[in-house]
Amino acid sequence: MAARPAAGAGDAGRAGRTPYARGDGTTAGTARSGGRRGMTAANGHRAVGAGVAGGESHGDGTAGRPVAGDTVAAVVRQWRTVHPDLDTGPMEVIGRINRCAALLQQAEDAPLRHAGLTRPEFDLLGALRRTGLELTPGELARETFSSGAAVTKRLKQLTERGLVDRRGDARDRRVAHVRLTDTGRALVDGILPEQLSYEKAVLSGLDGTGQRGLAVLLGDLLVQLEGRLSAPRA
């Protein structure tokens with residue numbers, strides 16, 4: 001996780017600025033809520049630039065493509081110099097997805113941090129809350145796209161905090177059923193609105209149309225990948 005700012009998510013939202021992190025763990029910059037500047041990447045360039053939503057020209061004058069100032073554009077230009085015969089189009093998509101994912105993982109999830117939770121832990125609690133069911137560790141692993149070992153470790157920590165409890169299966173002692181405690185349910189319900197507000201600020205560099213369009217494109221890609229690939233689980 002990134003270096004922790006003094007202000008929480010609510011403070012960042014009120015000030016109209018949201019902190020981001022460099023790859024080396026130091027604060028890189030901010031995104032202005034409601035602005036068109038987008039997220040600040042590790043080297044000060046925009047990871048999600050105004051060109052995504054606003055159709056600014058690329059460095060080669062191609063309209064509708066992201067601005068040429070992001071880090072992936074620089075990487076692509078370098079590869080084009082080394083291998084001008086290769087199509088770098090896929091790299092422009094996959095590279096930006098990976099870069100955005102890395103920055104989002106490094107960014108402070110301030111509401112979760114204040115609650116003493118990691119994102120994977122919150123995902124487990126959220127899976128139990130949104131399904132309203134008791135789930136086995138295996139089912140939780142599938143719901144959160146995590147490994148069984150990682151889920152077991154996280155459940156141990158959440159159980160020690162009194163946020164979940166486990167009961168054995170009456171027919172198979174090897175199977176456990178996990179459910180939220182009242183404390184865990186109250187914690188999820190208390191954090192979720194603030195977390196959604198924080199994530200809205202993170203995406204504030206894209207207007208509503210841009211966000212919806214991006215969601216559709218990512219959804220289409222995800223359906224294809226889920227049907228073809230089995231990615232490593234954390």
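A salt bridge, for today, is a side-chain nitrogen of Lys or Arg within 4 Å of a carboxyl oxygen of Asp or Glu. Okay, what we have is a predicted model, where local features need pLDDT of at least 70 and side-chain atom pairs count only at pLDDT 80 or more, while totals for chains, interfaces and linings use all residues. Residues are numbered from 1 along each chain as its sequence is written, and side-chain values use heavy atoms, with hydrogens and water left out.

Confidence next. pLDDT is the predictor's confidence in each residue, from 0 to 100, and the protein chain averages 75, with 68% of the residues at 70 or above. Helix α6 (residues 119-131) does best, at a mean of 96, and helix α2 (residues 50-54) comes lowest, at 33. Residues 1-64 sit below 50, though beyond near neighbours in sequence that stretch still has 144 contacts in the model; a contact means heavy atoms within 4.5 Å. Helices (H or I, at least four residues) and strands (E, at least two) are DSSP runs, numbered from the N terminus, and the chain has 10 helices and 6 strands.

Now the salt bridges: the whole structure has 12. Let's start with Arg96 and Asp70, whose side chains meet at 2.6 Å, N to O. Arg96 is in helix α4 and Asp70 in a loop, so the pair ties together parts 26 residues apart in sequence. Buried means under 20% relative accessible area, exposed over 50%, partly exposed in between (1.4 Å probe, protein chains only). Arg96 counts as buried at 14%, and Asp70 is buried at 6%.

Which residues of α4 are buried? They are Glu92, Arg96, Cys100 and Leu103. They cover an arc of only 65 degrees around the axis, which puts them on the same side of α4; that arc is taken from the directions from the helix axis to the C-beta atoms.

Another one: Arg119 bridges to Glu199, with the closest N and O atoms 2.7 Å apart. That links helix α6 to helix α9 (residues 182-202), 80 residues apart. Arg119 is partly exposed at 25%, and so is Glu199, at 28%.

Last stop, strand β6 (residues 176-180), where we find His177. Arg179 and Asp165 form a salt bridge at 2.9 Å, N to O, with Arg179 in β6 and Asp165 in strand β5 (residues 164-168). Arg179 is partly exposed at 40%, whereas His177 is buried at 16%. Leaving out residues up to four places away in sequence, His177 touches several residues, including Asp165 and Glu134.
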